[in-house]
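Trainee: Could you take a close look with me at one part of this model, the packing of its helices and what lies in its interior? I would like one connected account.

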Amino acid sequence: MKRVLMVITLVALLLGPSFVVTAQEPVTLPEPTGPYAVGRMTLYFADETRPETLTDDPDDVRELMLYVWYPADPDPAAAAATWLDPDLAAGVAAMFGLDAAVLDQIKVHALQDVPVAAEQPSYPVLIMSHGGRNSHPIFYTAYAEELASQGYVVVGITHTYNALVTVLPDERVLTMLPDADPLVSELPADAPVYDQLSEAWERARRILEVTTADALAVLDYLTELNTSDPLFAGRLDLEKIGMFGHSFGGATTVEAMARDTRIKAGVNLDGSLWSYYPDGVPGALLFVNEEGSDVSQPIPMPAEDEIDVAGLTPEQAEELLAEFNAAYSAYTHTATAYSVTITGAAHLNFGDSGLLAAVFPDMADDLGPIDPAQALRITNDYLLAFFGATLRGEASDLLTATPYSDVRLDFHTP
């Protein structure tokens, strides 16, 4: 019955653990390999057209913080970025009751607020969506820095109230709310499995509406940046927009692609689906799985006794499997669909968590046996190959054959 109950596991995997932070030796994220230096800055964006649905104040509008990594020219005089800017570090430290100086042990490579590299007139844009609880764009810095070093502008969305913490320019510190947490259930623990699955589905759908609307609002905001922003005006190639995300951010990526054709390509990093498009979604799609994921595989009907143990009727099990297998169809029927699985990877091997476990030890509980640096390297290689092929027209054998012994190519539909 393991596969039929996969939704419960997937809901848990949408989120990270409750981390304990301890003092350790400094951690330096991988050095970017591209030809560009990396710049980083933060932007505040208030969408006056969207009421905030996660608070009780009817006057609240949706407010977002964006973390932007981009190609830059080398500048020895520029200030190096810290992993967390001071206000965010203070917010995270306050949440965990620790000295913010502990977080200074995590070293990155970006330069703070430097000009965009002059080599190209404009650069493709990649929107990045983080996972659920205890997540934040900054936990995917290794991806963002590598992509920026290779000539992409990466815009990481902090999904307010769904993120670990959001610090706004007026110093408001906004933490995750129960209404934005897919694990918060109003049902008793002994409720029937099918009722639990149904409620989880409905909660996830509500949250997905918010995170997807964030992504689409940022798409519109990019046009404004490209027109009048002092740093980015004229430097964003808005004909070449991609998107990627981990966990719930992966689901957000697929949903945003389905709703807006400006997103030409998307990557779902180990994210379960909460919407199904049997005819696929516009644009190219890559799904990168952990070893234990079944999301990209059709699920067979379990044995009758397994259905009974789950408290389901055969009809309920059949309905559930139909929904899951529709998700499989959504990938395989996309115009250009790819799926790869990384052997030895678990859910938190996507992003920086494998390397940050030296500072956040509880992260180690959700890592697989693969070397964390290897998992990062493989995922970065596939991000670069996929977006290079789909946004820049750069052919890559990596999408049809892999040199990695710990990567399995699941499918590709031309």
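Mentor: Axes here are lines fitted to C-alpha atoms, for helices over the stretch in contact, and angles run from 0 to 180 degrees between N-to-C directions. In this predicted model, helix H4, residues 193-228, packs against helix H5, residues 248-259, at an angle of about 65 degrees and with the two axes 9 Å apart, and the crossing of H4 past H5 is right-handed. On the H4 side the contact includes Ala204, Ile207, Leu208, Thr211 and Ala215, and on the H5 side the residues include Phe248, Ala251, Thr252 and Glu255. By class, the residues of this contact divide into 8 nonpolar, 3 polar and 4 charged.

Once neighbours within four places in sequence are left aside, Phe387 is in contact with Leu126, Tyr152, Gly242, Met243, Phe244, Ala265, Gly266, Val267 and Arg392.

As for H9 itself, 14 of its 20 residues are buried, so that the helix is mostly covered, where buried means under 20% relative accessible area. The span of H9 from its first C-alpha to its last is 28 Å, close to the 28 Å expected at 1.5 Å a residue, and the helix is followed by Gly393, whose phi is positive, near 70 degrees.

Conventions. Residues are numbered from 1 along each chain as its sequence is written. This is a predicted model: local features need pLDDT of at least 70, side-chain atom pairs count only at pLDDT 80 or more; totals for chains, interfaces and linings use all residues. Side-chain values use heavy atoms; hydrogens and water are left out. Helices (H or I, at least four residues) and strands (E, at least two) are DSSP runs, numbered from the N terminus. A crossing is left-handed if the near helix is turned anticlockwise from the far one by less than a right angle, and right-handed if clockwise. Contact means heavy atoms within 4.5 Å. Ala, Val, Leu, Ile, Met, Phe, Trp, Tyr, Cys and Pro count as nonpolar, Asp, Glu, Lys and Arg as charged, and the others, Gly among them, as polar. The expected span of a helix is 1.5 Å times one less than its number of residues. Buried means under 20% relative accessible area, exposed over 50%, partly exposed in between (1.4 Å probe, protein chains only).
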